[in-house]
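Q: Hi! Could you walk me through this model while I have it open?

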Amino acid sequence: MPFDLSDESRYDRTRLRQWARGSARSAGVDRRDLLKLLAVGAAAGSLGLGAAGTAAASGTAAAAPGILKPLPPEFFTLRGTNAETNFAALRGTGPLTPVDRFFVRNHTSTPRIDTAAWRLEVWGDGLAGGPVGFSYEQVRALRPVERTLFIECAGNGRSFYATQQGQAVTGTPWTLGAIGVARWRGARLSDVLRLAGVSPGAVDVLPRGLDDEVVANGVNLGRVRRPLPLEKALDDVLLAYEMNGQPLPADHGGPVRLVVPEWVGISSIKWVGDIEVSSRPLYSPWNTDMYRLFGPEHPAQGSAPLARQTLKSAFELELGAAVPLHRTRLLTGRSWSGAAAVTRVEVSTDGGRRWQRARLHDAARRGGWVRWSVPWTPRTAGATALLARATDATGRTQPETSVHNTQGYLFDAVVRHPVTVV
Ligand SMILES: Nc1nc2c(c(=O)[nH]1)N[C@H]1C(S)=C(S)[C@@H](COP(=O)(O)O)O[C@H]1N2
Ligand SMILES: [Mo]
């Protein structure tokens with residue numbers, strides 16, 4: 001039985017109450033610093049982490065110097081320290097996102113890690129004994145598993161809060177390309193944790209990256225890390241060392257990263273160097289003031305920490321593309337959901353008045369995406385919008401508007417994709 005939603009929300013509610021009472025530890029960040037950050041967030045609606053991305057949105061796209069792989073403009077749109085996949089570049093690529101087109105989300109920059117010297121240290125008061133270290137070879141010697149899964153940033157689609165709903169949000173203004181699907185090969189995190197000897201009282205694990213410490217508004221948040229409930233860690237999380245049949249590339253967390261199926265991308269810690277196993281709930285800025293929903297529609301303390309991704313669809317076409325009148329073309333795209341497999345996709349080529357079923361090209365599978373297509377012969381010249389709307393196996397369909405939150409997470413509304421028929 002996979003980790004179920006009711007358990008997730010029970011876990012989160014408990015953690016939120018503990019956080020509000022101040023009874024939990026903030027995992028390395030001073031509580032006063034966190035409160036300072038929360039105050040800044042409330043006043044300015046921003047933690048400053050999205051500043052570079054905002055600059056990119058206003059047309060001053062700089063290079064992304066911290067990324068090692070080539071970032072040709074036909075494949076990527078640069079946003080600060082990040083590179084967004086251009087959906088149009090996925091047309092004809094098959095079910096997996098090639099590494100040369102897979103988005104990169106770096107809080108700082110890609111570190112160069114010597115695989116032979118790399119070690120994973122598992123430690124903490126949730127272990128039955130002392131710390132246990134694993135070399136790369138030891139991780140590779142464990143029984144391997146392979147799964148095809150998306151990694152998607154919680155802020156994917158964020159720019160549409162502003163452009164489609166007129167709402168201010170902070171953070172990197174992604175369109176829909178902060179997602180990729182790869183075939184990941186690795187060890188089960190549960191095998192590593194069992195070898196390390198988890199004690200019956202353990203509740204949380206905290207994987208931490210080896211990339212540089214993150215500084216926001218003059219506050220050093222430390223290394224990127226986000227707690228996971230032990231139930232999820234023992235369920236289906238991978239310690240991946242291969243991506244699409246190749247050794248895991250540096251930009252995607254090589255030599256070893258977590259891949260946390262269906263959860264927000266921040267859960268899938270890259271360049272993992274150590275994992276704390278704790279008998280007490282753990283906190284980091286990445287599950288307290290970030291990656292929760294804040295705003296008038298949410299609890300004053302913010303929502304529970306984000307877990308699963310939501311439901312989305314995207315056309316494999318440039319935003320604002322010019323399409324020739326009277327010529328039949330195949331509109332193609334992809335839909336995905338963090339809750340369940342996508343079972344139906346409908347497309348409208350007239351701004352949302354009439355809808356037709358798209359043909360699905362992949363079997364519906366959890367944690368992945370489906371490719372789809374519909375033929376279209378434009379009959380009227382001028383500007384119009386293409387819409388794609390997915391439904392998943394829970395019965396949920398993409399809504400017309402997404403519930404606003406100040407940091408622009410989990411956009412799930414149908415996107416109006418502008419095109420001009422010429
Ligand atoms: N150590 C570390 N892990 C990290 C990050 C990071 O900056 N440092 N970014 C996270 C975020 S926000 C996302 S969306 C995914 C992106 O994975 P990718 O760059 O391989 O696409 O990695 C996550 N893991
Ligand atoms: Mo992310």
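Q: How many bridges join strand E18 to strand E22, and which way do the two run?
A: Six bridges join E18 (residues 342-348) and E22 (residues 382-392), and the two strands run antiparallel. One spot to look at is Val345, which stands opposite Ala390 in E22. Strands here are DSSP runs of E with at least two residues, helices are runs of H or I with at least four, and both are numbered from the N terminus. Two strands pair if DSSP finds at least two bridges between them.

Q: Before I go on, what kind of model is this, and how are things numbered?
A: It's a predicted model, where local features need pLDDT of at least 70 and side-chain atom pairs count only at pLDDT 80 or more, while totals for chains, interfaces and linings use all residues. Residues are numbered from 1 along each chain as its sequence is written, chains are lettered from A and ligands numbered from 1 in the order in which they are written, and side-chain values use heavy atoms, with hydrogens and water left out.

Q: Back to the strands: what sheet do E18 and E22 sit in?
A: They belong to an open sheet of five strands, ordered E16-E23-E22-E18-E19, with mixed pairing. The edge strands are E16 (321-323) and E19 (356-357), each of which pairs on one side only.

Q: And how do E1 and E2 pair?
A: In the antiparallel sense, over four bridges. Leu78 stands opposite Ala83 in E2. Their hairpin has two residues between the strands, and Gly80 there takes a positive phi near 60 degrees.

Q: Which residues other than glycine have a positive phi?
A: Tyr291 is one of them, at about 60 degrees. Tyr291 is in the loop between strand E14 (272-278) and E15, and with 6% relative accessibility it counts as buried. His326 also has a positive phi, of about 65 degrees. His326 lies in the loop between E16 and E17 and is partly exposed, at 48% relative accessible area. Buried means under 20% relative accessible area, exposed means over 50%, and partly exposed is in between (1.4 Å probe, protein chains only).

Q: Why point those out?
A: Because most residues other than glycine have a negative phi, and most peptide bonds are trans.

Q: Where's the cis bond, then?
A: From Gly254 to Pro255, with omega near 10 degrees. Pro255 is in the loop between strand E12 (246-247) and strand E13 (257-259).

Q: Switching to aromatics: how many pairs are there?
A: Rings of Phe, Tyr and Trp (its six-membered ring) pair if their centres lie within 6.5 Å; planes under 30 degrees apart are stacked, over 60 edge-to-face, and the rest tilted. By this rule there are eleven aromatic pairs. Phe87 and Trp336 have ring centres 6.0 Å apart and planes at 5 degrees, so that pair is stacked. It links distant parts of the chain, 249 residues apart: Phe87 is in the loop between E2 (82-85) and strand E3 (119-123), and Trp336 is in strand E17 (residues 329-337). Both Phe87 and Trp336 are buried.

Q: Which residues do ring pairs link into a cluster?
A: Phe102, Phe103, Trp174 and Trp184.

Q: Where do charges sit over rings?
A: The charged end of Arg101 sits over the ring of Phe75, 4.0 Å from its centre. Arg389 lies over the face of Trp355, at 3.8 Å from the ring centre. The test is NZ of Lys or CZ of Arg within 6 Å of the ring centre and within 35 degrees of the ring normal.

Q: Is helix H6 mostly buried or exposed?
A: Six of its eight residues (189-196) are buried, so H6 is largely enclosed by the rest of the structure. Just after H6, Gly197 takes a positive phi of about 85 degrees.
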